Amino acid sequence: PNLHARVHSNSPTNFQNLCYETVKKGGGMPAFFNDHKIIPALKNTGINQIDAHNYSIVGCAEWGSPGNSFPAAGAIFINIPMALHLALHSGKYNKKQYGPKTTELSKIKSTKTLINAFKKQLCFLLKEATDGNNAIELTHANHRPTPFLSVLIDGCLKNGKEVNDGGAYYNPTGCQGVGLADVVDSLAVIDELVFQNKQISLSEFIDIVDNDFNCNKTLHCKIINLKNKYGLDETSTNTLLKEISRIFTQEVSKIKNSRKGFYNPGFWTMTTHQGFGKRTNTLPSGRLKGQSLSNGISPCNGKDNKGPTVSLSSASFLDSDLTGNGCVLNQKINPQYIKDEKGNSLLNSLVKGFFKKGGLQVQLNVIDPQTLIKAKNNPENYKDLVVRISGYSAYFNDLTESMKDEIIERTLHFNH
C-alpha cells in the first residue's frame with residue numbers, strides 16, 4: 001500500500017522525523033503533500049471548506065474528498081508535447097491533417113504566437129479525449145451500474161442515482177497532462193535560438209528537428225547543453241512552466257463530464273510518459289523521436305543538475321490554483337548525504353522550503369544508482385528492492401527494461 005504524509009507548518013517534529021527515517025530506508029514512501037496549497041486548490045475546484053480540509057490521497061497521488069465523491073481520477077492522460085508538435089505543423093502529424101489549421105510556421109514571429117497556436121491544438125486534443133471519455137462514462141451509467149459501491153458513497157441514496165450516473169456529492173473526472181517539462185524546454189529553446197538570438201529561422205529549425213537533428217548534430221549538442229532548462233531555476237523556464245501549466249489547468253477545468261461535474265486537471269503520468277514517448281516525434285528541446293517524455297512535473301532526466309534546492313525551486317512555479325487532481329515530483333537523493341539526524345534536518349529543509357515556496361507534492365527516492373545497476377544486471381540478488389516510479393512504488397525487478405533505465409537515469413542529487 002502507498003503511504004502519504006500531509007504536511008503543514010505545524011506538523012509535529014517527531015512525526016516529520018519518523019517520515020524521514022522511513023524515506024531513508026528506501027521505497028520512496030511516504031510522499032509529502034502540502035496542505036497550505038492543496039486545500040485552496042480543492043476549494044477552487046468546487047470542494048467545500050470542510051471537505052477540502054478533510055482531503056486524502058485517492059490512489060497514487062490524486063487528492064480528493066473521501067467518502068462523498070466519485071473522482072474517476074485516472075480517466076484521461078493527454079500528451080502535451082503533441083499539442084506543441086501540432087502547433088509547429090499547423091495541425092499536421094506525420095504529414096496528415098489531424099488537428100485544426102493554426103498559424104503557419106513562417107508567420108510565427110514570437111513565442112506568444114506559438115503558445116496561442118499550442119493552446120488551440122491542446123483544446124482540440126482535450127475535446128477529442130473528453131468526448132470519448134464522456135461516451136464511456138455514459139455507457140457505464142446505462143449498462144454497467146455499481147450498486148454496492150453506490151451505497152457506500154454519500155449522495156447516491158439521497159439523489160436516487162448510482163455513482164456512474166452522477167449520484168455522488170462530487171463528480172469530477174481526472175485529466176492528466178503528460179510531458180510538461182518537454183514543452184517548457186522546447187519553448188525555451190525556440191525562444192532563445194529563434195526569437196531572442198535570431199541564430200536560425202523557425203522554419204529552418206523545425207526542418208532540422210523533423211529530421212532528428214541528423215543534418216546538424218552540432219546544433220543538437222548545443223541545445224542539449226543550453227542552460228535555460230526547467231529544473232535550473234531560470235526565470236525564463238519558470239515563467240513558461242507557470243504559463244503552460246495554467247493553460248492546461250484552466251482549459252481542462254472548463255469541460256463538463258457526463259455526470260454533471262467537471263474535468264479535474266492533474267500532472268502525474270504512471271508510465272504513460274514512456275508509451276507516449278514512443279509515439280512522439282523529435283522535439284525542439286533536443287529529445288529525440290521515441291525517447292520517453294518527462295514524468296509528472298519532474299524536469300527532464302538529467303537536466304536539473306544544480307542540486308535539489310534549485311530543482312525544487314523551479315517546480316514551485318507550477319500553477320497550483322486549479323490543480324485539483326494531484327501531481328507528482330520525483331527527486332532522487334544520494335543516501336550517503338542524509339545519514340543520521342543531520343540527514344533528517346536536511347530532508348526537512350528541502351521539503352519545508354519547497355512547500356513554503358508553493359510546491360504541492362514531492363516524493364524522494366533515496367538510493368544509490370550503483371545499487372540499481374547491480375540489480376538490473378543481477379536481479380536474483382535484489383528481489384526485495386523497491387523504488388518509487390510515479391505516484392506509486394514497485395519492485396525494481398518487476399519493471400520493464402526501459403523503466404529500469406529511466407529510474408537509473410533520473411538525476412541523483414548530492415552526487416559529489
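This note goes through the predicted model point by point, from its cores and strands to its salt bridges and backbone details.

1. Basis of the note. The model is predicted, and local features need pLDDT of at least 70, while side-chain atom pairs count only at pLDDT 80 or more and totals for chains, interfaces and linings use all residues. Residues are numbered from 1 along each chain as its sequence is written, and side-chain values use heavy atoms, with hydrogens and water left out.

2. The largest nonpolar core. A nonpolar core is here a set of buried Ala, Val, Leu, Ile, Met, Phe, Trp, Tyr and Cys residues joined through side-chain atoms within 4.5 Å, where buried means under 20% relative accessible area, exposed means over 50%, and partly exposed lies in between (1.4 Å probe, protein chains only). The largest such core holds 93 residues, of which Phe32 and Phe205 touch the most other members. Helix H8 (residues 180-196) gives the most to this core, with 11 residues; helices (H or I, at least four residues) and strands (E, at least two) are DSSP runs numbered from the N terminus. In soluble globular proteins, nonpolar side chains tend to be buried together.

3. Around Phe205, and a second core. With contact taken as heavy atoms within 4.5 Å, and residues up to four places away in sequence not counted, Phe205 touches Val189, Ile190, Val194, Ile200, Phe213, Leu219, Ile223 and Pro284. There is also a second, separate core of 12 residues, and among its members are Leu372, Leu385, Ile389 and Leu399.

4. Strands S5, S8 and S9. Strands are said to pair if DSSP finds at least two bridges between them. Strand S8 (residues 173-178) pairs with S9 in the parallel sense over four bridges, and four bridges also join S5 to S8, again running parallel. Within these pairings, Gly174 has Asn264 of S9 as its bridge partner, while Phe77 stands opposite Gln176 in S8.

5. Which way the side chains point. In a regular strand the side chains alternate between the two faces of the sheet. From strand S5 (residues 76-79), Ile76 and Ile78 point one way and Phe77 and Asn79 the other way, and all are buried. From strand S9 (residues 263-266), Tyr263 and Pro265 point one way and Asn264 and Gly266 the other, and these too are all buried.

6. A salt bridge between separate parts of the chain. A salt bridge is a side-chain nitrogen of Lys or Arg within 4 Å of a carboxyl oxygen of Asp or Glu, and by this rule the count comes to 11. In one of them Asp319 is joined to Arg246, with the closest N and O atoms 3.2 Å apart. Asp319 lies in the loop between H13 and strand S10 (330-333) and Arg246 in helix H11 (residues 235-253), so the pair ties together parts that are 73 residues apart in sequence. Asp319 counts as buried at 4% relative accessibility, whereas Arg246, at 34%, counts as partly exposed.

7. Further salt bridges. Glu251 forms a salt bridge with Lys254, the closest N and O atoms being 3.0 Å apart; Glu251 is buried at 9% relative accessibility, and Lys254 is exposed at 55%. Glu401 forms another with Lys376, at 4.0 Å between the closest N and O atoms. Because Glu401 lies in helix H16 (residues 401-409) and Lys376 in helix H15 (residues 369-377), this pair ties together parts that are 25 residues apart in sequence. Salt bridges that share partners join Lys376, Glu401, Lys404 and Asp405 into one network.

8. The loop residue Lys306. Lys306 lies in the loop between helix H12 (272-278) and helix H13 (308-315), and at 48% relative accessibility it counts as partly exposed. Not counting residues up to four places away in sequence, Lys306 touches Leu232 and Glu234.

9. Backbone details worth checking by eye. The peptide bond from Met29 to Pro30 is cis, with omega near 0°, and Pro30 is found in the loop between helix H1 (13-24) and strand S2 (31-34). Ser90 has a positive phi, near 50°, although it is a residue other than glycine; Ser90 sits in the loop between helix H4 (80-87) and strand S6 (92-93) and is buried at 18% relative accessibility. Asn94 likewise has a positive phi near 50°, in the loop between S6 and strand S7 (96-97), and at 48% relative accessibility Asn94 counts as partly exposed.
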